[in-house]
Amino acid sequence: MLNTTSTIAAILGILISHLYSPSPDSSSRLLNRLYLPSSLTGPMSLAFDSIGGGPYTGVSDGRILKYDESNACFLEFAHTSPDRDKAICDGISDFSPLQEICGRPLGLSFNHNSGDLYIADAYFGLVKVPSDGGAATQLVADDQGIPFGFLAGLDVDPGTGIVYFTEASSNFKIRDLHDLLNSTDHSGNLFRYDPSTEETTLLIHDLAVAAGVAVSNNGSFVLVSEHMANRIQRFWLTGPKANTADIFLELPGRPVNIKRNSMNEFWVAMNYPYGSPPPPIPPVLPLGLRVNEEGAVLQTLTLVEVFGTESVSEVQESDGKLYCSSLQVSYANVLAP
């Protein structure tokens, strides 16, 4: 980890310069906005299949949608509830009590070798959808017999197919998200699921709202963001530090999802709270941070122009573009890098 004080100072310097003298070099350039069907919200995470199709995203009524370029719209691809009733579920909003039976997919990622799409669902746990879509198969619903609070982030190791996922909290459900974010909860966890053995392993516990997760390109470590602790932890998978954790990066704001790119780097979605926080959600400055494998911040991308003061949930590179999404909006933004 690089010097914490200098890293935070550098990010804060960019924040202050943007607030008082916005620079076009650090701001985003909107290429397109991909809208969800009417009444649906919350594309927290995005995924692309092995041929670059997508993005795929989970939405508020429990479905996984795929963006169809030819029709310029999102179409239904899959759903996470095993007994989903379209008459009840279609079109429901986030934090509805009906999500408990309809599902709420959050983090998702493909295994590009098998074509399977793995999903962290807030109510149904870790699930898997085949390459042709349809109903999900539940893989893991509890930790040693104790049902998950709610799962949030997910990543698949491109080399081994091993799945890493986070439990944001074991004490709160997603319907209680506001209460969770105003608590001092440290019951989040990072897990590993091996599809070849169907074994689930707890890697790190007692996390302050475990949000995003990303494994390194060479599989030597996995990163997990602690949303309420303003930091990212690194769990070593190989080498002399294997099975230990350290602090990868401390931040001045709240990190959410982490996505690796093809250059052995990571994009971190971060929200910097400012001003007096009116209930229930304080205003934030949404940012994308491009970070190398040593924890150095290489680029800070301000996202105020595309999200206003709403929070960003994810920033991801695909096919030379940046895709940005948020739990609080009804669209995904496509930006020039």
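Predicted model: local features only at pLDDT ≥ 70, side-chain atom pairs only at ≥ 80, totals over all residues.
Which backbone nitrogen lies 2.8 Å from a polar atom of the side chain of threonine 166? Select threonine 166 and glycine 153 together: the backbone nitrogen in question is that of glycine 153.

Residues are numbered from 1 along each chain as its sequence is written, and side-chain values use heavy atoms, with hydrogens and water left out.

Remain at threonine 166, which belongs to strand 14 (residues 163–169); strands are DSSP runs of E, at least two residues long, numbered from the N terminus. Its relative accessibility is 0%, so threonine 166 counts as buried, the term for under 20% relative accessible area with a 1.4 Å probe, protein chains only. Now display its contacts (heavy atoms within 4.5 Å). Beyond neighbours within four places in sequence, these include Phe150, Asn189, Ala210 and Val224.

Next, select strand 23, residues 284–292. Nine of its nine residues are buried, so the strand is largely enclosed by the rest of the structure. Val284, Pro286, Gly288, Arg290 and Asn292 point one way, and Leu285, Leu287, Leu289 and Val291 the other.

Glutamine 299 is the bridge partner of arginine 290. Four residues separate strands 23 and 24 in a hairpin, and glycine 295 in the turn has a positive phi of about 90 degrees.

Conventions: Buried < 20%, exposed > 50% of the residue type's maximum accessible area, 1.4 Å probe, protein only. Pairing = 2+ DSSP bridges. Polar contact = N/O pair within 3.5 Å; in protein donor to acceptor, adjacent residues only side chain to side chain.
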